[in-house]
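Reader: Hello! I would like a close look at one part of this model, please, with the cut-offs spelled out as you go.

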Amino acid sequence: MNNTDWGNLPFGYMKTNYNVRCYFRNGKWGELEISSSETINIHMAATSLHYGQEAFEGAKAFMGKDGKVRLFRWEENAKRLRNSAKGIMMAEVPDDLYFSAVKKVIELNKEFVPPYGSGASLYIRPLLIGTGAQVGVKPADEYLFMIFVSPVGPYFKSGFKPVNMMICRSFDRAAPLGTGHIKVGGNYAASLQSLKKGHDGGFASVIYLDAKHKEYIDECGPANFFAIKDNTYFTPESSSILPSITNMSLIQVAEDLGYETLRRPIHIDELSDFDEAGACGTAAVITPIAKIVDEIENKTYEFSTDGKPGKISTKLYKRLQAIQTGDVPDEHNWVELLDI
Ligand code: PLP
Ligand code: COI
């Protein structure tokens, strides 16, 4: 591990020492197991394979200057995983099991937590799947909860540099009364065609519109959308977007820094009014947007022409990172210092 080029890590899978697993059988969760295997043994009729009973999370841990590992807002990830489980009728993972699993997997892979100042972090991927066999469409009676970790760099190759995005008009990621608000695998399957179309067109990602009217902004690939106008941070309200923990945190950070914040439906025509725009998420952190192209309507909205992120996006980005690595006080109790 010593020759890992921490500063140039991609956002991808890297083999680590261990993962942790726990099975739900006979109506209860078993003991947490430690595994060094990268594979799982699963019944061919498992509901996760046929009927999409699968949910996951994405979280990060950071190394502080003091050599302590900091886990960001794990309670929110645990809560969202419970919501996802409820949404597709899976067994819910209790918070104490979630926390002991995440702490254990980080402890077992401590050497993979990238050093302070490298810009990289330890990505944490909890997974909950139906393992019980069914042939009729119904929920499984057995589940597997597991977590693996991987050291990662930025999700978008550019890092904290503005990227171009394309408005997606030929696909919907999620329906207003569908599963967009929970983190289930099916939403990501539904996004693959559109993301390929965006990438093929030279865009970093695509922006989804609300599926019903095709007039309001939903989100940006696997990240929420935000925009800045004067002193206000705007972000969309919609029943089909994933409630982003990063976005929730940025709203608080923006308020702490003295900005106004507004969560409401954002009409696509409003894009021309904004000074700055960006995508935010655990993987994406803040990815500033240079321009948004609407090919079908033949319109381009520009937010950065000099290749630099906007002033307020930069302030938010720096403050959030400083909280995560412990460089500024953790006023909202978002960071769990792990005694590992
Ligand atoms: N939206 C989608 C569709 C996502 O996959 C993610 C990533 O988790 C986000 C938004 C950002 O959420 P968070 O900030 O909790 O990572
Ligand atoms: C995250 O930001 O954690 C995500 O889950 C995005 C991912 C689908 C790559």
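How much area do domain 1 and domain 2 bury between them, and what share of it is on carbon and sulfur atoms?

Author: Happy to walk you through it. Residues are numbered from 1 along each chain as its sequence is written, while chains are lettered from A and ligands numbered from 1 in the order in which they are written. The model is predicted, so local features need pLDDT of at least 70, side-chain atom pairs count only at pLDDT 80 or more, and totals for chains, interfaces and linings use all residues; side-chain values use heavy atoms, leaving out hydrogens and water.

The chain is assigned domain 1 (6-152) and domain 2 (163-325), with bounds from an automatic or database domain assignment. Their centres, taken over C-alpha atoms, are 26 Å apart. Domain 1 brings 24 residues to the contact and domain 2 brings 17, where contact means heavy atoms within 4.5 Å.

Now to your question: the two domains bury about 1,700 Å² between them, and 66% of it is on carbon and sulfur atoms. Buried area is the accessible area (1.4 Å probe) that two parts lose on being put together, summed over both. On the domain 1 side, Phe56, Phe72 and Arg80 supply 34% of the area buried against domain 2, more than any other three residues.

What about polar links? Six residue pairs, both at pLDDT 80 or more, are in polar contact between the domains. A polar contact is a pair of N or O atoms within 3.5 Å; within protein, one must be able to donate a hydrogen and the other to accept it, and residues adjacent in sequence count only if both atoms are side-chain atoms. Zero salt bridges are found across this interface, a salt bridge being a side-chain nitrogen of Lys or Arg within 4 Å of a carboxyl oxygen of Asp or Glu.

Ligand 2 belongs in this picture too: it lies between domain 1 and domain 2 because both give residues to its shell. Phe56 is one of the residues surrounding ligand 2, and others include Tyr123, Lys183, Thr282 and Ala283; a residue counts if one of its heavy atoms lies within 4 Å. Oxygen atoms of ligand 2 lie 2.7 Å from a polar side-chain atom of Tyr123, 2.8 Å from a polar backbone atom of Ala283 and 3.5 Å from a backbone N or O atom of Thr282. The protein covers 89% of the 280 Å² of accessible area that ligand 2 has on its own, by the Shrake-Rupley method with a 1.4 Å probe (for residues, only the protein chains shown count as cover).
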